[in-house]
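Hello,

Here is the structure I said I would pass on. Please open it alongside the notes below.

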Amino acid sequence: MPKLFVLFISFLLYVSGVSQENVMLTYTGNMGVFISGGEDSVLIDGLHTKYGDDYLFPPKKMVNKINTDLKPNAILFTHYHGDHFSAQLTKEYLELNTMAFLYGASQITNNFHGFRNRVITIKTDNYSKQTSKLNGITITSFKINHAGKRHISVENIGYIVHINKKKILHVGDTNWLEKINLFDILKLQDEAIDIAILPYWMLLPDNASELIKKYINPKQVIATHISPSIKEKELLELKNRYPKTYFFNTLEQQIQL
């Protein structure tokens, strides 16, 4: 009997250990993703309001759920554009969750002088990686240029969230930008990325698969920033072209990895 009991306890510990290594990703609109490893969690680009018909956004019910149920340890923003960030919703979150931290570039954090002890400003004067620890999470932040010449002044931040032995990369509104050798500089392929969260347009070049492998080399890709008005045929073609890629285009869509 004692031997059977020991085996049973060992099995429970094994199952518990496996579950603790899982990561749940929940889609909150546009590029918004809630990343949970159980007791520890972060939200990236998840608090914003309606920006236009081409952008999904978290409705009031979901915002309430984020504020009172999900309650991430930290809210991270890649940049200040309205389809990624709302100053008002962010302020409300920080007021309700007094232990939560805010991460972003100065174009975002300059709005939150009253929360300075909980605000982490990411430097963008160079591409150096900046790492901090928060409970069981390690967050690595770095400058990664915004796509498009008209957005050259936008401070876009990339994040690598290390949680439950998995590394999740979120790049915000970037592109391959090979003219400035952006990904050669970042050397993300050396980071052992498990999951790369990319805007869907990074999958559009004919050699996108090669670029992803060369510059990031993730085990899994999640495509985001998909317009709710995208033609069904166009989305289906992308899914057929990348059968192993997850496509986030439905609010509260979840993936456990």
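The largest nonpolar core has 29 residues. A nonpolar core here is a set of buried Ala, Val, Leu, Ile, Met, Phe, Trp, Tyr and Cys residues joined through side-chain atoms within 4.5 Å; buried means under 20% relative accessible area, exposed over 50%, and partly exposed in between (1.4 Å probe, protein chains only). Among the residues with the most contacts inside this core are Leu-169, Trp-176, Leu-203 and Phe-247. Two or more residues each come from helix 5 (182-186), strand 11 (195-199), helix 6 (208-215), strand 12 (220-224) and helix 7 (232-241). Helices (H or I, at least four residues) and strands (E, at least two) are DSSP runs, numbered from the N terminus. Helix 6 contributes the most, with four residues. Another core, of 27 residues, lies apart from this one and includes Met-31 and Ile-255.

This is a predicted model: local features need pLDDT of at least 70, side-chain atom pairs count only at pLDDT 80 or more, and totals for chains, interfaces and linings use all residues. Residues are numbered from 1 along each chain as its sequence is written, and side-chain values use heavy atoms, with hydrogens and water left out.

Asp-194 sits in the loop between helix 5 and strand 11. Asp-194 counts as buried because its relative accessibility is 11%. Its side chain makes a polar contact (a pair of N or O atoms within 3.5 Å; within protein, one must be able to donate a hydrogen and the other to accept it, and residues adjacent in sequence count only if both atoms are side-chain atoms) with the side chain of Lys-219, at 3.1 Å. A polar atom of the Asp-194 side chain also lies 2.8 Å from the backbone nitrogen of Lys-167.

Regards
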